[in-house]
Amino acid sequence: MSILVVVGAQWGDEGKGKIVHFLARKAEYVARYQGGNNAGHTVVVGKKRYALHLIPSGILMKQTKNIIGSGVVISPRAFREEVLGLEKRGISSRKRLFVSFGAHVILPYHILLDGLREESGRGIGTTKRGIGPCYEDKVARIGIRVCDYLEPETFKKLVVQNLKIRSAELARLRPLASIEKEVFADYDLLRRFIAPYAQDTSLLLSEAIERGENVLLESAQGAMLDLDFGTYPFVTSSSPIAGGAATGSGIAPASVEFVLGVTKAYTTRVGLGPFPSEMEVKRGDYLREKGHEYGTTTGRPRRIGGLDLVQLRHAIRVSGINALAVTKLDTLSGTGPIEVCRAYRWKGKTLTHFPWSRKAQGEAKPILIRLPGFNGNLASARLFSDLPKAAQDYILWIEKNLGIPIPIVSVGPDLKQTIVRDASLSSLADFVKP
Ligand code: IMP
């Protein structure tokens, strides 16, 4: 039995979907613990490509049960669309997907408020899925949880109350009556749809743990988008770091045995905000096209940068990451020498720890080191020794400089393109054995 947390070690889009899909082969349960349908986990199975936003990537493994935990914010409309979309492609969620009674629901007015704030001139480049405003309601103790959504009387009362509370902002957009109408337009349909999935998922997980099953807790986004430890205020409104796994799923923190961080072999970021290792446009453009670096949820082009050791050390520390999976190593092939950021320069000082202030984060310049690049088609490599020597050296260099093992290297979207270098690492072993 093992409890494993998989976190993003950068700004999201690290390839967690594929890694979780790979590890889910050995998991009885996969649980998402934060975020909402702002996430975009792309998973390739054979010739089919799935873009999951809300449902854990474990859904694509037939034997795996999946949980949307209480730390997640759930749009009932997006939930229904995603479940039906999977059903159309032959993947049933019945009796293997459970939604926490405690997850907060995203309603149309959250999406309107998200859009309004983004257009106010103080936007941060959100996905406009209503994530921030829904978490705001949760913290303000006026949120509507799935258990409240399932009770029509409670739901109606809360909606009327919340529209009043938000009326000053909302009325600038549309008459309140029309927003209320939109909230109730498909309410019955959505309530009936979500009802069979709703459960005390904390209880399900603790029973699974008692039975000695393998449980994988899956983050969305990444450490640098964490509300507390990311590049605030250019962050998401939840806790993607490993600490969020316990609060967002309702399991004991001490039961988490292993934290696997996922990082690309370079760095990307969507949305606005500091990005110290961002590359000059031309090289970034080339990598963006080669690596298909466009947002899964919004289609926005991702900003591209070199691997950033300062940022990764920060992510490793705040999540207690035990080991890293490095993805998209193949994308770097043929792109020339590899530039890695080993420290920052700010106000004449060398910074080796990620700075807190937004000014320092925004102004810090990367101190780069150049490593030999590599060529050739890495996509067919199945063993570490199949990789070009310089590609192997790059992985070994990262391992040495971060002081952390890299047991998994991914060289393409297919499960077969996953190189397991070390299948012996404590609890991770239960998930990577053949
Ligand atoms: P929100 O989560 O939609 O509120 O957006 C807040 C910030 O997080 C923005 O910079 C988004 O681009 C970013 N973000 C949210 N979800 C993801 C994701 O799944 N991958 C990458 N960035 C994301």
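Me: Why is Phe234 called partly exposed?

Reply: In this predicted model, Phe234 has a relative accessible area of 24%, and since buried means under 20%, exposed means over 50% and partly exposed is what lies in between (with a 1.4 Å probe and protein chains only), Phe234 counts as partly exposed. Residues are numbered from 1 along each chain as its sequence is written, and side-chain values use heavy atoms, with hydrogens and water left out. Because the model is predicted, local features need pLDDT of at least 70 and side-chain atom pairs count only at pLDDT 80 or more, while totals for chains, interfaces and linings use all residues.

Me: Where does Phe234 lie, and what is it in contact with?

Reply: Phe234 lies in the loop between strand E10 (215-218) and helix H11 (243-249), where helices are DSSP runs of H or I with at least four residues and strands are runs of E with at least two, numbered from the N terminus. Leaving aside neighbours within four places in sequence, Phe234 is in contact (heavy atoms within 4.5 Å) with residues including Ile124, Met224 and Arg269.

Me: What makes H6 roughly antiparallel to H8?

Reply: The axes of helix H6 (residues 152-165) and helix H8 (residues 176-185), which are lines fitted to C-alpha atoms over the stretch in contact, with angles from 0 to 180 degrees between N-to-C directions, come within 11 Å and cross at roughly 150°. Angles under 35 degrees count as roughly parallel, over 145 as roughly antiparallel, 65 to 115 as roughly perpendicular and the rest as oblique, so H6 is roughly antiparallel to H8.

Me: Which residues meet in H6 and H8, and how do they divide?

Reply: Phe155, Lys156, Val159, Val160 and Leu163 in H6 meet Leu176, Ile179, Glu180, Val183 and Phe184 in H8. The residues of this contact divide into 8 nonpolar, no polar and 2 charged, where Ala, Val, Leu, Ile, Met, Phe, Trp, Tyr, Cys and Pro count as nonpolar, Asp, Glu, Lys and Arg as charged, and the others, Gly among them, as polar.

Me: How do you know that Cys134 is in no disulfide?

Reply: A disulfide is a pair of cysteine sulfur atoms within 2.5 Å, and the structure holds 0 of them; for Cys134, the nearest cysteine sulfur, that of Cys147, is 13 Å away.

Me: Why is Cys134 called buried?

Reply: Cys134 has a relative accessible area of 1%, so Cys134 is buried. Cys134 is also one of the buried residues of helix H4 (residues 131-139).
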